[in-house]
Amino acid sequence: MDAPSPRCIDTTAPALLICEHCDTVHRRRPLAKGEVAECARCGAVLERCRGMRANALLALVLTALVVFVQATLWPIVTLGLNGQYVAATLWDVIHMMWLDHSQVVAVLAAATLFVFPLAKILTLGWLLAYARSGRRAPGFRPLMVALHHLGPWTMSEVFVLGALVSIVKAHLYFDVLPDPGIYAYGALMLLITVFAGVDLTRLWDETRDEDAGGAP
Amino acid sequence: MSALPRADELGLIGCHVCGQVCRAADTDGGDAALACPRCGSTLHRRKPAAYTRTWALLIAAFLMYIPANVLPIMRTASLGDIDDNTIISGVVELWVKGSPGLAVIVFCASIMVPMLKFLSLGTLLVTSRSGSNWARRQRAQLYRLVELIGYWSMLDVFVVALLTALVRFGFFSLVEPLPGVVFFGLTVVLTMFASMCFDPRLIWDGKEDSDD
Ligand SMILES: [Zn+2]
Ligand SMILES: [Zn+2]
């Protein structure tokens, strides 16, 4: 790019950073694109400069939403026995566990594979849509806090691996075929990995409250 | 004071949720009801009752882990042959009949990762409480590793769920989930809560050597 190289520091950002893993206080230094600042005491990541602007990120989130809807609605695996074929979607899986006296598992699967990932994608999309112009979306504060707490409770990527293992196992008894749903999940897995590298706390520094600022 | 001052010594608190640096000077009376000015989350110098909570959750998780391994997690029936699978027999079956590569992955996710969590968190709790100086940086890395890979243990739960749904949906009750899988799911959730309740800042709270 011939544009001036983006540096991830803005004058409004506070000058100090505290490592959340060891409580060490660091002076913030400007990061080049893609650079990661590490804690000198414990080695944890302090902050990273994402190479992506809010626009690009938003496009990614919308893609993830489309892929997620497909992953949820399309069958994941088809199974054949004696010429009969059945396909199962995510909801069949959850429904079946509920009927089979494993309600705990059904609830876990519904939460970690449907409710939480969907909430994460929608929240991110909402926040980023406003962050594109440096604004804070309505509900910015509680939503950012909620996103933080959602942390490790979205498990779509584990499900992809689980589907793979299931296919191999079921293959011992039946004809099994992967369905489009599982490819959608695979794509979702890649997108999620990209999000994981994004330092969301930066949104706090990069956006302004409209009613606090003097915006018309 | 060392070259790397800690927030605690400077009267500062870092917000865990949004990263805001807050001044804590006016609250040396205790942690009670101090909220982050930016995001509104409660601020803690250290996570409250980290040792008690982490121990309690870890022990509960371990108690669940025993039936999770002893009880079968899934029943498969084919041609009148009823076969109850435990986590370990599932790994062996994959290794023998399917693919050894996947067997290794399942073994890591279902057996290695939970064991690693019990051992690491136990070690971290004991060494941090005694203010030990030993391998601090490595212990910090260990904690981050536990946080990063912990949820992959859910793999076997999803496998059982998927297989059950697949097979039951059309045909006969050839595959059935058994109670072991519920215990295993609870183990994973409880260990995840345990590692969240631990405060890695405690690793660094004892006296520090000045040789480095
Ligand atoms: Zn640190
Ligand atoms: Zn905060």
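# Helix contacts and salt bridges, worked through

**Exercise 1.** Find which residues of α5(A) meet which residues of α3(B).

*Solution.* Start with α5(A): its contributors are Val165(A), Val168(A) and Lys169(A). Facing them in α3(B) are Gly90(B), Glu93(B) and Leu94(B), where contact means heavy atoms within 4.5 Å. Sort that contact by class and you get three nonpolar, one polar and two charged residues (Ala, Val, Leu, Ile, Met, Phe, Trp, Tyr, Cys and Pro count as nonpolar, Asp, Glu, Lys and Arg as charged, the others, Gly among them, as polar).

A note on the ground rules: this is a predicted model, where local features need pLDDT of at least 70, side-chain atom pairs count only at pLDDT 80 or more, and totals for chains, interfaces and linings use all residues. Residues are numbered from 1 along each chain as its sequence is written, chains are lettered from A and ligands numbered from 1 in the order written, and side-chain values use heavy atoms, leaving out hydrogens and water.

**Exercise 2.** Say how α5(A) and α3(B) are angled.

*Solution.* Last, their crossing is left-handed, meaning the near helix is turned anticlockwise from the far one by less than a right angle.

**Exercise 3.** Now work out how α5(A) meets α4(B).

*Solution.* The two axes come within 11 Å and cross at roughly 130 degrees. That makes α5(A) oblique to α4(B). The crossing is left-handed. On the α5(A) side you'll find Leu161(A), Leu164(A), Val165(A) and Val168(A), and they meet Leu102(B), Ile105(B) and Val106(B) in α4(B). The class tally is seven nonpolar, no polar and no charged.

**Exercise 4.** Size up the interface of chain B and chain A.

*Solution.* Chain B gives 71 residues to the contact and chain A gives 61. Together they bury about 6,200 Å² (accessible area, 1.4 Å probe, that two parts lose on being put together, summed over both). Carbon and sulfur atoms carry 74% of that.

**Exercise 5.** Count the salt bridges across the interface, then look at one within chain A.

*Solution.* Three salt bridges span the interface (a side-chain nitrogen of Lys or Arg within 4 Å of a carboxyl oxygen of Asp or Glu). Asp23(A) pairs with Arg201(B), with the closest N and O atoms 3.9 Å apart. Over all chains, the count is 15. Within chain A, Glu47(A) bridges to Arg28(A), closest N and O atoms 3.0 Å apart. That pair links distant parts of the chain, 19 residues apart: Glu47(A) is in strand β4 (45-48), while Arg28(A) is in the loop between β2 (25-27) and β3 (36-38).

Terms used: Axes are lines fitted to C-alpha atoms, for helices over the stretch in contact, and angles run from 0 to 180 degrees between N-to-C directions. Helices (H or I, at least four residues) and strands (E, at least two) are DSSP runs, numbered from the N terminus. Angles under 35 degrees count as roughly parallel, over 145 as roughly antiparallel, 65 to 115 as roughly perpendicular and the rest as oblique.
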